[in-house]
Amino acid sequence: MQKIFEPIFEIAYLAFAFVAGVYLSFRYPNKKSARIFGIATILLAAGDSFHLIPRMMGLISGDMAAFTFWLGLGKLATSITMTIFYVLLFYFLLERYKLKANRFFEILLFVLATARLVLCAMPQNGWFSENSDYVFGIIRNIPFWLMGIFSIIFSAVACKKDRCLRFTWLFITLSFLFYTGTVVFAHFASWTGMLMLPKTVCYVAIIVSVLIVYDDEKEKRTLYYSDELADDFADKKIAPKDLKKRYPYFIFNPLRKIIAFVLYYFIAYPIGVLYQKIWFGEKIIGKYKLKNYRSEGFFLYGNHTRDIGDAFTPTQIAFPKKSFTVTSSSAVSVAWYRRVVQDLGATPVPNNIKGMKRFYAAIRLHTKRRHVITIYPEAHIWPYYTKIRPFKETAFRYPAEYNKPVFCFTVTYKKRLFLKRPKTVVYIDGPFFADETKSVKTNSRRLRDLCFNAMCERSKNSDCEYITYVKQNESELEVAATKETTEKN
């Protein structure tokens with residue numbers, strides 16, 4: 001069990017920490033405190049990866065001794081980065097609350113950090129041997145424990161009035177208790193090494209708290225639109241590129257198939273579950289309706305109100321089957337992550353007539369292979385939109401033509417008790433079927449109407465408006481755009 005659970009947990013943690021660190025470093029360029037914590041998170045994840053990757057390899061292979069050197073190197077690396085993390089945490093809190101640094105506390109923290117790093121560099125540690133010095137292991141952690149006590153007290157005082165960070169002191173306390181249990185008792189009982197897992201959960205809780213802080217500080221926005229079918233409010237717009245003539249909609253290389261399988265089920269899926277639960281508090285209602293139709297495959301339609309969230313929700317609905325999501329060509333326009341997106345099931349629509357024939361053939365083959373195909377008929381992202389926008393019947397041509405079951409899911413937004421950002425509740429409706437006595441065009445319209453009506457009814461369950469959308473004519477839009485530009489300048 002440990003061979004399966006622990007590596008999955010550790011991969012999800014490392015991926016989450018790296019993504020969160022990069023997000024905080026670049027998403028809030030005008031907030032120095034966010035950049036400080038973002039760098040601290042990246043360092044923490046980098047140091048932990050030196051230890052966790054060889055540990056995962058040792059667990060999977062069943063020969064931990066073969067990775068003694070790399071495990072020792074990893075312990076040394078994580079000891080260094082954990083020390084730096086708490087130094088940066090101190091400066092993060094100073095910057096966030098605009099506190100003036102006390103010279104005595106600064107010197108004390110740097111003395112403890114320096115002592116810790118010097119002790120970690122001593123040969124008595126025996127990092128690269130199986131028989132490390134137990135007593136010296138205790139000695140090198142004394143400055144670190146004192147840093148922990150300092151961080152607990154300082155965060156308790158600094159964050160006491162912060163609704164999101166007020167429990168930071170508690171997460172730090174618990175992390176040090178779990179860490180101490182491993183350091184003190186692992187020499188006598190190896191199973192206490194598992195205490196590092198709840199210690200890691202405490203770090204995740206701190207990171208999530210910081211993410212929530214900056215998300216909650218976003219001002220409530222008002223977005224103006226003129227065309228519900230064409231306007232797009234995605235945060236990042238990527239210029240679409242023409243797909244190459246023979247775009248590879250399917251993977252045939254055996255090694256690439258294995259990589260895609262591992263990437264989807266052991267990395268993307270667990271990360272998606274964590275992200276949706278932590279970020280959106282997501283709950284999915286109605287998955288039981290899919291039970292009798294997973295074996296034959298089906299089409300899945302949803303409202304498009306999130307960027308990353310809408311990539312993860314279909315994977316959870318379709319699980320254990322893989323969801324192949326129809327996307328715009330912009331999803332595979334960036335070279336450095338194109339292959340990853342392909343491996344995760346993206347099925348881009350060509351932006352030229354020549355490529356459509358190959359796209360239709362890909363959809364037909366997906367249906368023959370009984371895959372789950374996800375389509376967002378609204379096409380464009382309207383973040384946190386609580387109604388259903390009109391969409392065309394052409395998106396329903398495929399189930400009408402190939403006589404496949406159709407399900408729809410509606411993402412609704414609910415108020416949270418403590419957070420400004422709403423949680424999501426996803427409702428699944430269906431199945432809907434084409435009428436075999438009617439034409440493809442008639443069935444396309446019928447399936448579209450059934451899904452649209454079900455989604456409109458479900459959207460009434462939203463009870464909050466995180467972003468306000470206002471419809472305006474062209475002249476009003478020009479005035480609003482001028483006003484916004486003036487305010488920015």
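Tutor: One term before we start. Exposed means over 50% relative accessible area, buried means under 20%, and partly exposed is in between. Also, keep in mind that this is a predicted model.

Student: OK. Is Lys-98 buried or exposed?
Tutor: Exposed. Its relative accessibility is 62%, and the cut-off for exposed is over 50%, so Lys-98 counts as exposed.

Student: Where is Lys-98 found?
Tutor: In the loop between H3 and H4.

Student: And what is the phi of Lys-98?
Tutor: It is near 50 degrees, a positive value, and Lys-98 is not a glycine. Most residues other than glycine have a negative phi.

Student: Which other residue has a positive phi although it is not a glycine?
Tutor: Arg-370 is one, at about 60 degrees. Look for Arg-370 in the loop between helix H11 (353-368) and strand E6 (372-375). At 47% relative accessibility, Arg-370 counts as partly exposed.

Student: What about cis peptide bonds? Where is the one with omega near 10 degrees?
Tutor: That one runs from Phe-319 to Pro-320. Pro-320 sits in the loop between H9 and strand E4 (323-328). There is also a cis bond from Gly-430 to Pro-431, with omega near 5 degrees. Pro-431 is in strand E8, residues 423-432. For background, most peptide bonds are trans.

Student: Zooming out, how many helices and strands are there in the protein?
Tutor: There are 14 helices and nine strands. The C-alpha atoms fill a box of roughly 80 × 60 × 40 Å along the principal axes.

Student: And what share of the 489 residues is buried?
Tutor: Buried residues make up 50% of them.

Student: You mentioned H9. Why is H9 largely enclosed by the rest of the structure?
Tutor: Because nine of its eleven residues are buried. H9 covers residues 308-318. Its buried residues include Gly-309, Asp-310, Phe-312 and Ile-317.

Student: Is Arg-306 buried or exposed?
Tutor: Buried. Its relative accessibility is 3%, and the cut-off is under 20%, so Arg-306 counts as buried. Asp-310 counts as buried too, at 2%.

Student: Which residues are linked with Arg-306 and Asp-310 in a network of salt bridges?
Tutor: Glu-282 joins them.

Student: How many salt bridges does the count come to?
Tutor: It comes to 14. Lys-438 and Asp-435 make one of the salt bridges, at 3.8 Å from N to O. Lys-438 is partly exposed, with a relative accessible area of 45%. Asp-435 is partly exposed as well, at 27%.

Student: New topic: greasy surfaces. Which residues form a nonpolar patch on the surface?
Tutor: Val-135, Ile-139, Ile-142, Leu-146, Ile-149, Ile-153 and Val-157. Together they have about 620 Å² of accessible area.

Student: Where is the place of Ile-153?
Tutor: In helix H5, residues 134-158. Ile-153 is exposed, with a relative accessible area of 53%.

Student: Those numbers go up in threes and fours. What does that do in a helix?
Tutor: An α-helix has 3.6 residues a turn, so residues three or four places apart point the same way.

Student: At what angle do H4 and H5 pack?
Tutor: At about 160 degrees, with their axes 9 Å apart. H4 covers residues 103-120. Angles over 145 degrees count as roughly antiparallel, so H4 and H5 are roughly antiparallel to each other. H4 passes H5 in a left-handed crossing.

Student: And H3 with H5, what angle do they pack at?
Tutor: About 20 degrees, with axes 11 Å apart. That makes H3 roughly parallel to H5. The crossing of H3 and H5 is left-handed.

Conventions:
Residues are numbered from 1 along each chain as its sequence is written. This is a predicted model: local features need pLDDT of at least 70, side-chain atom pairs count only at pLDDT 80 or more; totals for chains, interfaces and linings use all residues. Side-chain values use heavy atoms; hydrogens and water are left out. Patches are made of residues with over 30% relative accessible area and no salt bridge: like charges are joined within 9 Å, nonpolar side chains (Val, Leu, Ile, Met, Phe, Trp, Tyr) within 5 Å. Accessible areas come from the Shrake-Rupley method with a 1.4 Å probe; for residues, only the protein chains shown count as cover. A salt bridge is a side-chain nitrogen of Lys or Arg within 4 Å of a carboxyl oxygen of Asp or Glu. Helices (H or I, at least four residues) and strands (E, at least two) are DSSP runs, numbered from the N terminus. Buried means under 20% relative accessible area, exposed over 50%, partly exposed in between (1.4 Å probe, protein chains only). Axes are lines fitted to C-alpha atoms, for helices over the stretch in contact, and angles run from 0 to 180 degrees between N-to-C directions. Angles under 35 degrees count as roughly parallel, over 145 as roughly antiparallel, 65 to 115 as roughly perpendicular and the rest as oblique. A crossing is left-handed if the near helix is turned anticlockwise from the far one by less than a right angle, and right-handed if clockwise.
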